[in-house]
Amino acid sequence: KSLEVWLYLDALPDLTIRLRAEDATDGLAVDIMPAHGSMSTQATRAARAVIVQSAATTWSPPTGYTPASMEAKPTHRLVRVTEVNLPALVVPRVKGPNRNPSTLGSFGAPPYFLLLPLSMLAPVRAVAAPTSAVPPSTTPVAASTPPPPPLPPPIASTAPASAGASFIFPAVDDDGDDGDDGGDGGDGDDGDGGGGGDGE
């Protein structure tokens with residue numbers, strides 16, 4: 001799997017590559033990119049443009065910007081900006097009326113012209129829709145395990161229902177004086193017999 005990821009990443013274009021002087025010709029569509037920063041920053045497209053003048057020329061910024069004019073070097077190109085994606089990107093060597101560094105958003109809505117170094121111009125690359133960074137694996141996926149069959153219905157028992165257990169409780173004598181009464185009766189009988197004997 002690691003080899004698949006490496007081969008996929010190795011085939012991706014290097015977004016930090018910039019135009020060479022011999023490739024920056026008139027009419028070429030380019031991406032304006034940051035010239036400095038991290039790898040991810042340099043791979044961020046800030047704007048789209050078209051090279052309109054590849055030979056040395058002079059460009060005059062809008063009124064109030066400094067310097068009043070700029071002469072192009074062999075490492076610069078005059079471009080016409082057609083779309084801005086990162087208005088906060090600083091335009092080198094140009095300051096606005098308030099003496100602060102100018103940005104892509106300082107010049108209003110495109111189109112407008114800028115003189116930029118080749119270090120900020122990159123070949124146009126198609127931006128694919130966001131997808132997973134790792135291509136899908138070609139390893140066949142095992143078929144999913146089918147669900148287990150349903151359990152059979154419970155089988156009714158054929159044994160006769162057992163009779164409820166019965167319990168026999170001994171009778172409880174609620175009158176606790178019954179035993180005493182029987183004893184008293186015996187005493188009375190004895191007393192009566194003794195009296196009969198005295199009469200004879």
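T103 is buried in this predicted model, with a relative accessibility of 18% (buried means under 20% relative accessible area, exposed over 50%, and partly exposed in between, with a 1.4 Å probe and protein chains only). The residue belongs to strand β7, residues 101–103 (helices, H or I, of at least four residues and strands, E, of at least two are DSSP runs numbered from the N terminus). A polar atom of the T103 side chain lies 3.1 Å from the backbone oxygen of P87. Apart from neighbours within four places in sequence, T103 contacts P87, A88, L89, V90 and V91 (heavy atoms within 4.5 Å).

The model is predicted, and local features require pLDDT of at least 70, side-chain atom pairs pLDDT 80 or more, while totals for chains, interfaces and linings use all residues. Residues are numbered from 1 along each chain as its sequence is written, and side-chain values use heavy atoms, without hydrogens and water.

The largest nonpolar core comprises 27 residues, and I32 and L114 have the most contacts inside it (a core is a set of buried Ala, Val, Leu, Ile, Met, Phe, Trp, Tyr and Cys residues joined through side-chain atoms within 4.5 Å). At least two residues of this core come from each of β1 (29–32), β2 (47–53), β5 (76–84), β6 (90–95) and β8 (112–117). Strand β8 contributes the most, four residues. Beyond neighbours within four places in sequence, the contacts of L114 are W59, R77, L78, V79, V81, V91, L104 and F107.

Helix α1 (residues 2–10) contains L7, which is partly exposed at 47% relative accessible area.

Technical notes
A polar contact is a pair of N or O atoms within 3.5 Å; within protein, one must be able to donate a hydrogen and the other to accept it, and residues adjacent in sequence count only if both atoms are side-chain atoms.
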